[in-house]
Amino acid sequence: MFMHEPGRKTALTKSHTHACAVCEQQIPQQMLMCGPHWRLVPPQQQLTVYRLWNQLHRAPTRSKAYERIWAEYLQARDAAIESVRKSLGETPTADPGHPEGA
Ligand SMILES: [Zn+2]
């Protein structure tokens with residue numbers, strides 16, 4: 001859920017490294033995941049994340065457009081992370097794949 005405008009943009013513009021969204025691997029800030037994990041993201045989701053990321057960098061900070069793109073980016077990012085977790089066999093929430101009385 002998008003609750004607050006981040007206010008700080010350090011995480012987006014500095015050339016620091018940060019941890020992969022799925023594991024502890026240190027990666028460049030502009031990347032969401034390390035290579036092996038990123039390759040588990042479906043191509044369509046990769047494109048969406050790339051597209052929003054690029055839009056984010058073109059949008060004026062603190063503009064309405066920036067906030068909207070940022071919210072969309074967070075959703076796309078979460079979806080990508082979820083795809084990877086599923087690929088890895090993790091089920092963070094209740095397992096939906098067991099219909100009872102089938
Ligand atoms: Zn990783």
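Tutor: The chain has four helices and two strands, and along the sequence they follow the pattern α-β-β-α-α-α. Please keep in mind that this is a predicted model. Buried residues make up 28% of the 102 residues in the chain.

Student: Which residues coordinate the zinc ion?

Tutor: The zinc ion is coordinated by C20 (SG), C23 (SG), C34 (SG) and H37 (ND1), at 2.0 to 2.3 Å. In sequence, these donor residues are spaced C-x2-C-x10-C-x2-H.

Student: Why is the site of the zinc ion called tetrahedral?

Tutor: Four donors count as tetrahedral if all angles lie between 85 and 135 degrees. The angles among the four donor atoms of the zinc ion are 101 to 114°, so the site is tetrahedral.

Student: Where do C23 and H37 lie in the chain?

Tutor: C23 is in the loop between strand 1 (17-19) and strand 2 (26-28), whereas H37 is in helix 2 (residues 35-38). The two are 14 residues apart, and the pair links distant parts of the chain.

Student: Is C23 buried or partly exposed, and is H37 buried or exposed?

Tutor: Buried means under 20% relative accessible area, and exposed means over 50%. C23 has a relative accessible area of 24%, so C23 is partly exposed. H37, at 14%, counts as buried.

Student: How many aromatic pairs does a search of the whole structure find?

Tutor: The search finds three aromatic pairs. One of them is formed by W38 and Y50.

Student: What makes the pair of W38 and Y50 edge-to-face?

Tutor: A pair of aromatic rings is described by the distance of the centres and the angle of the planes. Centres must lie within 6.5 Å, and planes over 60 degrees apart count as edge-to-face. The ring centres of W38 and Y50 are 5.6 Å apart and their planes are at 75°, so the pair is edge-to-face. W38 lies in helix 2 and Y50 in helix 3 (residues 43-58), so the pair ties together parts that are twelve residues apart in sequence. W38 counts as buried at 15% relative accessibility, while Y50 counts as partly exposed at 47%. Elsewhere, W53, W70 and Y73 form one aromatic cluster.

Student: Which residues of helix 3 are buried, and why are they placed on the same side?

Tutor: Q46, V49, L52, W53 and L56 are buried in helix 3. They cover an arc of only 140° around the axis, which puts them on the same side of helix 3. The face turned away from this buried side carries the exposed residues P43, Q44, L47 and R58.

Student: Why does Q46 count as buried, and what is Q46 in contact with?

Tutor: The relative accessibility of Q46 is 18%, under the 20% limit, so Q46 counts as buried. Leaving aside neighbours within four places in sequence, Q46 is in contact with W38, R39 and V41.

Student: What is the phi of R62, and why is R62 called exposed?

Tutor: Phi of R62 is near 65°, a positive value in a residue other than glycine. Most residues other than glycine have a negative phi. R62 is found in the loop between helix 3 and helix 4 (64-87). Its relative accessible area is 62%, over the 50% limit, so R62 is exposed.

Methods
Residues numbered from 1 in each chain as written. Predicted model: local features only at pLDDT ≥ 70, side-chain atom pairs only at ≥ 80, totals over all residues. Heavy atoms only, no water. Donors = N, O, S within 2.8 Å, 3.2 Å for Na, K, Ca; no water. Tetrahedral: all angles 85-135°; square planar, octahedral: opposite > 155°, others 65-115°. Buried < 20%, exposed > 50% of the residue type's maximum accessible area, 1.4 Å probe, protein only. Phe/Tyr/Trp six-rings, centres within 6.5 Å; stacked < 30°, edge-to-face > 60°. Contact = heavy atoms within 4.5 Å. Arc of directions from axis to C-beta.
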